[in-house]
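Welcome, and open your viewer. We will go through this structure stop by stop, with something to select at each one.

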Amino acid sequence: MPTSTLQNTATSTPTFWIKWLSYTAEFTVLFGLFMVLAPGLTQQAFGLLIFQNPAQISAFDSQATAYIELAHAVMGSVMVGWGALMFMLVRKLNIKDAKETCNMIAISVLLWYIPDTAFSLYSGFWQNAVLNSGFAVLYAIPLLALRKYYK
């Protein structure tokens with residue numbers, strides 16, 4: 001790896017923040033995979049989160065339950081792709097393009113967070129807005145911390 005990477009800078013090493021960002025992207029992928037590969041557990045988790053009842057979604061009629069399973073699988077798949085891209089961006093992070101790379105990740109997170117959270121609040125599902133905020137904070141903290149390392 002070239003010595004110009006942020007991970008290997010001689011004067012200041014922001015490896016903690018890069019690892020945090022990398023782990024957050026990995027967590028995003030794993031969360032998405034969970035949604036795709038464990039539909040029953042996903043429905044229970046969101047039933048508990050949204051309705052305070054893990055069995056609520058399975059109590060809907062079979063068409064509604066099947067559609068919710070499809071929606072969770074699609075959202076999970078999108079999260080896998082999105083998280084994988086962010087992980088690859090973080091792995092290639094270097095001094096030369098750190099600001100641009102971090103801005104791409106930040107813009108991506110904001111373009112997801114704002115409409116998703118706004119609609120969650122508008123439709124009365126504040127619990128999803130809280131979940132979204134947790135993800136956004138996991139990205140925001142290292143992105144803000146890495147700003148001082150930009151050239």
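Start by selecting Q127, which sits in helix 5; helices here are DSSP runs of H or I with at least four residues, numbered from the N terminus. Q127 counts as buried because its relative accessibility is 7%. Buried means under 20% relative accessible area, exposed over 50%, and partly exposed in between, using a 1.4 Å probe and protein chains only.

A word on what you are viewing: this is a predicted model, where local features need pLDDT of at least 70, side-chain atom pairs count only at pLDDT 80 or more, and totals for chains, interfaces and linings use all residues. Residues are numbered from 1 along each chain as its sequence is written, and side-chain values use heavy atoms, with hydrogens and water left out.

Now show what touches Q127. Beyond its neighbours within four places in sequence, Q127 is in contact with L49, I50 and Q52, where contact means heavy atoms within 4.5 Å.

Click on Q52 next, in the loop between helix 2 and helix 3. Is Q52 buried or exposed? With a relative accessible area of 55%, Q52 is exposed. Check its backbone too: Q52 has a positive phi of about 55°, although it is not a glycine.

Move on to helix 1, residues 15-37. Its buried residues, including I18, F31 and M35, pack against helix 2 (39-51), helix 3 (62-91), helix 4 (98-122) and helix 5 (126-146).

Last stop: aromatic rings. Which residues form one aromatic cluster? Select W82, W112, Y113 and Y139 to see it. In the whole structure, a search finds 12 aromatic pairs. Take F16 and W20: their ring centres are 5.9 Å apart and their planes at 85°, so this pair is edge-to-face. Rings of Phe, Tyr and Trp (its six-membered ring) pair if their centres lie within 6.5 Å; planes under 30 degrees apart count as stacked, over 60 as edge-to-face and the rest as tilted. F16 is exposed at 51% relative accessibility, while W20 is partly exposed at 23%.

Technical notes:
Helix = DSSP H or I, 4+ residues; strand = E, 2+ residues; numbered from the N terminus.
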